[in-house]
Amino acid sequence: MTVYLNEVNQTYFCNFRYKNYLGERKGKTKRGFKTYDEALSWEILFLYLLNTLLKL
């Protein structure tokens with residue numbers, strides 16, 4: 001998983017790529033998490049929901 005620390009703001013953000021329902025590669029960045037675990041859990045939840053919707 002790809003979670004990074006923003007040195008200036010002392011907040012975490014996640015940046016990753018995924019394939020959408022058309023098979024295109026997309027990038028996603030979400031910023032402003034207070035903890036590493038919060039950013040990581042958001043990324044895992046996003047990918048889980050995406051994969052669940054693709055299987056419907």
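The largest nonpolar core has eight residues, namely Val3, Cys14, Phe16, Tyr18, Phe33, Ala39, Leu40 and Leu50. At least two residues of this core come from β2, and at least two from α1. A nonpolar core here is a set of buried Ala, Val, Leu, Ile, Met, Phe, Trp, Tyr and Cys residues joined through side-chain atoms within 4.5 Å. Buried means under 20% relative accessible area, exposed means over 50%, and partly exposed is in between, with a 1.4 Å probe and protein chains only.

This is a predicted model, in which local features need pLDDT of at least 70 and side-chain atom pairs count only at pLDDT 80 or more, while totals for chains, interfaces and linings use all residues. Residues are numbered from 1 along each chain as its sequence is written, and side-chain values use heavy atoms, with hydrogens and water left out.

The chain contains three strands and one helix, arranged β-β-β-α from the N terminus on. Helices (H or I, at least four residues) and strands (E, at least two) are DSSP runs, numbered from the N terminus. Along the principal axes, the C-alpha atoms fill a box of roughly 40 × 20 × 15 Å. Of the 56 residues, 20% count as buried. The chain exposes about 4500 Å², and carbon and sulfur atoms supply 53% of that area; accessible areas come from the Shrake-Rupley method with a 1.4 Å probe, and for residues only the protein chains shown count as cover.

Next, the strands. Two strands pair if DSSP finds at least two bridges between them. Strand β1 (residues 3-6) pairs with strand β2 (residues 11-19) through four bridges in the antiparallel sense. Within this pair, Leu5 stands opposite Tyr12, and Asn6 has Thr11 as its bridge partner. Four residues lie between the strands of this hairpin, where Gln10 takes a positive phi near 55°.

On to the second pairing: β2 is joined to strand β3 (residues 25-33) by eight bridges, and these strands also run antiparallel. Phe13 has Arg31 in β3 as its bridge partner. The hairpin of β2 and β3 has five residues between the strands, and Gly23 takes a positive phi near 85° there.

How do residues of the strands and the helix meet? Contact means heavy atoms within 4.5 Å. Among contacts in the chain with a separation of 6 or more, 32% are between residues 24 or more positions apart. Tyr18, one of the core residues, touches Glu24, Arg25, Lys26, Gly27, Lys28, Phe46, Leu47 and Leu50, not counting residues up to four places away in sequence.

Lys19 is also in β2 and counts as exposed because its relative accessibility is 52%. Leaving aside neighbours within four places in sequence, Lys19 is in contact with Glu24, Arg25, Leu50 and Leu54. Lys19 and Leu47 are 28 residues apart in sequence, with a C-alpha to C-alpha distance of 9.9 Å.

Leu54 lies in helix α1 and is partly exposed because its relative accessible area is 39%. Apart from neighbours within four places in sequence, Leu54 is in contact with Lys19, Asn20 and Tyr21. Leu54 and Tyr21 are 33 residues apart in sequence, yet 6.2 Å apart in space, C-alpha to C-alpha.

Last, the charged side chains. Side chains of opposite charge can pair when their charged atoms come close. A salt bridge is a side-chain nitrogen of Lys or Arg within 4 Å of a carboxyl oxygen of Asp or Glu. The structure holds one salt bridge, in which the side chains of Lys26 and Glu24 meet at 3.8 Å, N to O. Lys26 is partly exposed because its relative accessible area is 35%. Glu24 counts as partly exposed too, because its relative accessibility is 37%.

Glu43, in helix α1 (residues 36-54), is buried yet has no salt bridge. The nearest side chain of opposite charge is Arg25, 11 Å away; Lys and Arg count as positive and Asp and Glu as negative, while His and the chain ends are not counted. Not counting residues up to four places away in sequence, Glu43 touches Met1, Thr2, Val3, Cys14 and Phe16.
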